[in-house]
Structure formats: structure tokens, C-alpha cells
Amino acid sequence: MRAPAPRYAPNDGVIAAAEAVLGAMLVESKDAVGEVSLTVARESLVEAMLALRDTPGLEYQQLSEIAGADYPSRPERFDVVYQLLSFTRNHRIRVRVTTDEEKPVPSVTGIWPVAGWLEREVYDMYGVLFDGNTDLRRILTDYGFVGHPLRKDFPQTGYVELRYSEEAKRVVYEPVKLAQDFRTFDFMSPWEGAAYVLPGDEKAAAAPPPPPAPAPVASQPEAKGAPTPLTADQIAKADAPAAKAAKPRVRKPKTTDSTAESGAGKPGPEAGPAPADPDVVKKPRKPRAKKES
């Protein structure tokens, strides 16, 4: 029997405790679909995270994930979302801050060192800057990548493409060049009939009509599977000569009663001299002394 999943603590009193400890740092709080989400001021992010980690009754010790989201219609288009977990209370909470392309978000690597790689991922995908991250480099895209792929205004084809140059003997970046122009397709069903002449159909109209097929002979059946006016008995009689000619002749195999008839081997296992035993060493015989008369 599988063990049941661990039950998380309820959300009762979490928002009230967070409002009491965060005060003016808390911008918005809500409990939706069973999850508590807190929006804090960007400038007070580090102070708010320390309060959520160290305050009794909250005690969110672990940073599980940092994610981003892009809303281009807003002045501060980016959301930076932090997922926190409390081992003491077995409860999760979400903390969110907003920013734009220029305003940096304070880094939380001083609280959770694991945030270094997570902040690099958000920077790589969205271009969000983190103040205090000493190693803010791309982590998912290649060297020299242009733009940030998860922004809503990033083109699906990208800005540059990567290929190996035989002339330069190395990998080079070039502006994206589509292999062919976008074409207009007619999605009408072919069996409905097009209102225009498809390329190549004019050849079929100019070609002479094919000669008519010869009528089948009534006395000879057509190929099997084809319609025929003959009856089943007539078809069987027509197939009889071909079946008789194709029947192979079965010859009686040559057999012998004994090896003496074939001339190979001995007539029986006891015939002939017994083979010499290599393990038996015969001693030379001593000459017998002559008897004196």
C-alpha cells in the first residue's frame, strides 16, 4: 500500500502573521486556490525574506524556486516569484516582486546561496537584473546569444542563427535567413474541386484519350478476383490443366538395408578386427628355450 502524501499545514493565520511582521513592506496579500501569495516592495525584498525566515510562526527556511513572468502591457512588466518552504510547519508560500528592464531586484544570495543559479536563469530568460549577484551570467543560452527568449516580444525565429562556416573553419552567428518565403496555401478539400486550374492539369486536357480496353473472352475466365460471367465449374475446369502441369513429381527416396549394399563402413558393429587400445602397452614376448632330447 502506498504511503499517503504529506499533508501541508492549513493557510489559517498565515496572512495575518505576515502582515504583522512585514508592515509597510507588504504591498498585497491573497489566498487563492489554496495558496498564499504575498507581493512585497522591491527595495525591501531582502528584509522581508529575513523576516519570513526568522519569525516564529512563519519560519520559511528553504528557497525552492525563483521564476519569472512577463506582462508587456504593465509599466513594470516583469514578475519575479519566489517559492518558500517551511520545514517546521510543512507549509509553502509565494513571494512576488515587480520590476522592469532597468530597475534591479535585490539579490537574496546572502540568505540562500542557491539563489545564485536561479537568479541567473531569470536574467537569461527575461533580462531581469539582480543587484548583489556577483556572477550574473547567462546559464541556459549559448555564448553570444542576443535577446531574452521568454519575453513576449522576442521573435520565434530569434535574431541570429548558428551555423558552421567552411570558409572560417568555425561556428559563426548570422542574421536569421528563412529558407523560403512564406506562402499562401489553399486549405480547401481536394475532393470538393478547385475553382481554378491546378498546375499540370492543363496537360491532362490536351492529351488524347486512352484506347478502350478489349472485351474479355467469354470462354476464358479472367484473372482471379476479377468479375467473370463463367460459373464455378467452368473456372475449375479451366484451372485443371495448369494445376496438373504444375504438380511436381514425387520420387521414392533411395534406401538400403545395410552398409554392405552401399559399400560404406562395416556390415555391423562386431564385424572386423577390434581397434587397438592405446592405453594397453604390449610387452615383447621372450623367446622360448628349446627342450633337450
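Trainee: Which residues of helix 3 are buried?

Mentor: Before the answer, a word on the basis. The model is predicted, so local features need pLDDT of at least 70 and side-chain atom pairs count only at pLDDT 80 or more, while totals for chains, interfaces and linings use all residues. Residues are numbered from 1 along each chain as its sequence is written, and side-chain values use heavy atoms, with hydrogens and water left out.

The buried residues of helix 3 are Ala-115, Gly-116, Leu-118, Glu-119, Arg-120, Val-122, Tyr-123, Asp-124, Met-125 and Tyr-126. Here buried means under 20% relative accessible area, exposed means over 50%, and partly exposed lies in between (1.4 Å probe, protein chains only). Because 10 of its 12 residues are buried, helix 3 is largely enclosed by the rest of the structure. By contrast, for the chain as a whole, buried residues make up 24% of its 293 residues.

What encloses this helix? The cover over the buried residues of helix 3 includes strand 3 (62-70), strand 4 and strand 7 (130-131), where a contact is heavy atoms within 4.5 Å. The chain has 6 helices and 9 strands; these are DSSP runs numbered from the N terminus, helices being H or I with at least four residues and strands being E with at least two.

As for its dimensions, helix 3 reaches 16 Å from its first C-alpha to its last, close to the 16 Å expected for its 12 residues at 1.5 Å a residue. That expected span is 1.5 Å times one less than the number of residues. Just after helix 3 comes Gly-127, with a positive phi of about 85 degrees.

The structure holds 3 aromatic pairs, that is, rings of Phe, Tyr and Trp (its six-membered ring) with centres within 6.5 Å; planes under 30 degrees apart count as stacked, over 60 as edge-to-face and the rest as tilted. Tyr-126 pairs with Phe-78 in an edge-to-face arrangement, with 6.3 Å from centre to centre and 70 degrees between the planes. Since Phe-78 lies in strand 4 (residues 78-86) and Tyr-126 in helix 3 (residues 115-126), the pair ties together parts that are 48 residues apart in sequence. Both Phe-78 and Tyr-126 are buried.

For comparison, Phe-145 and Phe-154 form a stacked pair, 6.1 Å centre to centre with 25 degrees between the planes. Phe-145 counts as partly exposed because its relative accessibility is 27%, whereas Phe-154 has a relative accessible area of 15% and is therefore buried. Ring pairs link these two residues, Phe-145 and Phe-154, with Tyr-159 into a cluster.

Pairing across the sequence can also be followed at the scale of the chain. Of the contacts in the chain with a separation of 6 or more, 44% are between residues 24 or more positions apart. Leu-50 counts as partly exposed because its relative accessibility is 32%.
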